[in-house]
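Subject: Handover of a structure and notes on its contents

Dear colleague,

Please find below the structure that I am passing on to you.

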Amino acid sequence: MVRFFPNPYDDYKPGSDVVVDKDAVVAQINEYVGSITKRLQPTQKNVDGGLYVGITGVSFMFLYLAKNPTLSSQKAFYLQKGFEYLKPATETSIGDKTSFLLGEAGTYAISTVLNKELGSDQFAESLRMYKSLYPSYLNPKFLKCGGDELFVGRAGYLAGILWISRELKTPIFTLEELYKICDIIVTSGREYAMKNKSPSPLMYHYYNTEYLGSAHGISFILQMLLSIPGYLTYNKAAAQDIQASIEFLASLQNEEGNWPCCMEEIELNDHKLVHWCHGAPGMVYLMAKAYLTYKDQRYLDSCIKAGEFVWRKGLLHKGPGICHGVAGNGYVFLLLHRLTGEAKYLHRAKMFAEFLTDEEFIRDARLPDNPESLYEGTAGTVCFLSDLLVPDKAEFPFQDVFSNYCYN
């Protein structure tokens, strides 16, 4: 089964200018936004799925647009729409309070930042609710299914903390409080790795599968540990295991530039998934953070190799989304553009954005299960297009590798 469209575009010609047609991109954004607001209503029946596929994710999209300086003339409209899409989620319990991407933790995070932008006092209550979840993650047996990853686990909660702190420009926990969560993540990874004789000093599972990628795997967990200010200095033993685990993951990149989806697939050299959730388009963020942390050229080389692979095989049949779609793979080039400053990567991101309007893509791409959502559908695509307008600030949602989160 062919999972991708052949890339029809010429690559960047050295020395040429790359000009993003901002009017065309804004028109593309407006078309998607119009379709989203028509097809996915801000009602309680659409709350399930949280940030990942529920209306909270659409609220995040509007917040993202509101913060884009190129779109400032629409800021008030975007914030109001963001509030409309968030409101049913704040009035409905979906039963999974501690899950960042699937449950209420993500809703509290968006509510905190959106209400702050709106100048509403409600932001303080939302922040209190987000912070009230903290003790849950200190329980070593927090979740039997695997309590350390992004969607439902500790890494997701840390991602929310870092994002809220950056957006509010103030710490919301002390470093000591953050280090407690990090220590538990490291201990959890060590114990699991020893028990299962893992070749990596740290290893994790989600429903008994040792995923490697961003969605449920070790790469996002390690990225969060690298992102907590001062943690590597605070816990030297943890720092050793973190770096050794990153080295192990880097060694799994194959000749093409991709990674296995999970530990069980290491022996297969033909790794077919070219997704943010499983494969190079998600693993590249850990390698980028490792490069920025350790200043080791090998990690940058790994990112570049991943980018070449995504350029060849990243125009996915699966649709336009950021989890397993064209926009998520386009984000790889915006990351590489910020990492290297090279125009080649902006050109490639621009081509992936153009392909979203290509007749072949519109005709033959699959319709995602949740076609308007943040991760599977066009709300995430809008975030990618929005970032194409300000490529020097581009970042995959909740996965900023560039910020030095200030805790002075």
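A residue is called buried when its relative accessible area is under 20%, exposed when that area is over 50%, and partly exposed in between, using a 1.4 Å probe and protein chains only. This is a predicted model, in which local features need pLDDT of at least 70 and side-chain atom pairs count only at pLDDT 80 or more, while totals for chains, interfaces and linings use all residues. Residues are numbered from 1 along each chain as its sequence is written, and side-chain values use heavy atoms, with hydrogens and water left out.

Cysteines

By the definition of burial above, Cys383 is buried, with a relative accessible area of 0%. A disulfide is a pair of cysteine sulfur atoms within 2.5 Å, and a search of the whole structure finds 0 of them. Cys277 is accordingly in no disulfide, and the nearest cysteine sulfur, that of Cys323, is 3.7 Å away. Cys277 is also buried, with a relative accessible area of 6%.

The nonpolar core

A nonpolar core is a set of buried Ala, Val, Leu, Ile, Met, Phe, Trp, Tyr and Cys residues joined through side-chain atoms within 4.5 Å. The largest such core has 144 residues, and those with the most contacts inside it are Met61, Tyr130, Ile242, Leu249 and Tyr375. In soluble globular proteins, nonpolar side chains tend to be buried together. Contact, here and below, means heavy atoms within 4.5 Å.

Helices (H or I, at least four residues) and strands (E, at least two) are DSSP runs, numbered from the N terminus. Helix 10 covers residues 218–227 and helix 12 covers residues 236–251. The two pack at an angle of about 140°, with their axes 11 Å apart. Axes are lines fitted to C-alpha atoms, for helices over the stretch in contact, and angles run from 0 to 180 degrees between N-to-C directions.

The crossing of helix 10 and helix 12 is left-handed. A crossing has that name if the near helix is turned anticlockwise from the far one by less than a right angle, and is right-handed if clockwise. On the side of helix 10, the contact is made by Ile218, Ser219, Leu222, Leu225 and Leu226, and on the side of helix 12 by Ile242, Ser245, Ile246 and Leu249. By class, this contact has 7 nonpolar, 2 polar and no charged residues. Here Ala, Val, Leu, Ile, Met, Phe, Trp, Tyr, Cys and Pro count as nonpolar, Asp, Glu, Lys and Arg as charged, and the others, Gly among them, as polar. Ile242 and Leu249 are also among the residues with the most contacts inside the largest nonpolar core.

How many residues of helix 10 are buried? The number is 10 of the 10, so helix 10 is largely enclosed by the rest of the structure. What covers these buried residues includes helix 8 (154–168), helix 9 (175–195), helix 11 (231–234), helix 12 and helix 13 (280–294).

Gln399 is found in the segment after helix 18 (378–389). Gln399 is buried, with a relative accessible area of 2%. Leaving aside its neighbours within four places in sequence, Gln399 is in contact with Ser214, Phe220, Gln223, Trp276, Gly282 and Tyr285. Of these, Phe220 and Gln223 are buried residues of helix 10.

Phe384 has its place in helix 18 and is buried, with a relative accessible area of 0%. Not counting residues up to four places away in sequence, Phe384 touches Ala327, Gly330, Tyr331, Leu334, Ala349 and Ala353. Phe384 and Pro397 are 13 residues apart in sequence, and 9.2 Å separate them in space, C-alpha to C-alpha.

Ser373 is found in the loop between helix 17 (359–364) and helix 18. Is Ser373 buried or exposed? Ser373 is buried, with a relative accessible area of 1%. Its contacts, leaving aside neighbours within four places in sequence, are with Tyr52, Val53, Thr378, Ala379 and Gly380.

Exposed loop residues

Asn208 lies in the loop between helix 9 and helix 10 and is exposed, with a relative accessible area of 63%. Its phi is near 65°, a positive value in a residue other than glycine. Lys295, in the loop between helix 13 and helix 14 (297–313), has a positive phi of about 55° although it is not a glycine. Lys295 is exposed, with a relative accessible area of 63%.

Glu267 is found in the loop between helix 12 and helix 13, and at 73% relative accessibility it counts as exposed.

Yours sincerely,
A colleague
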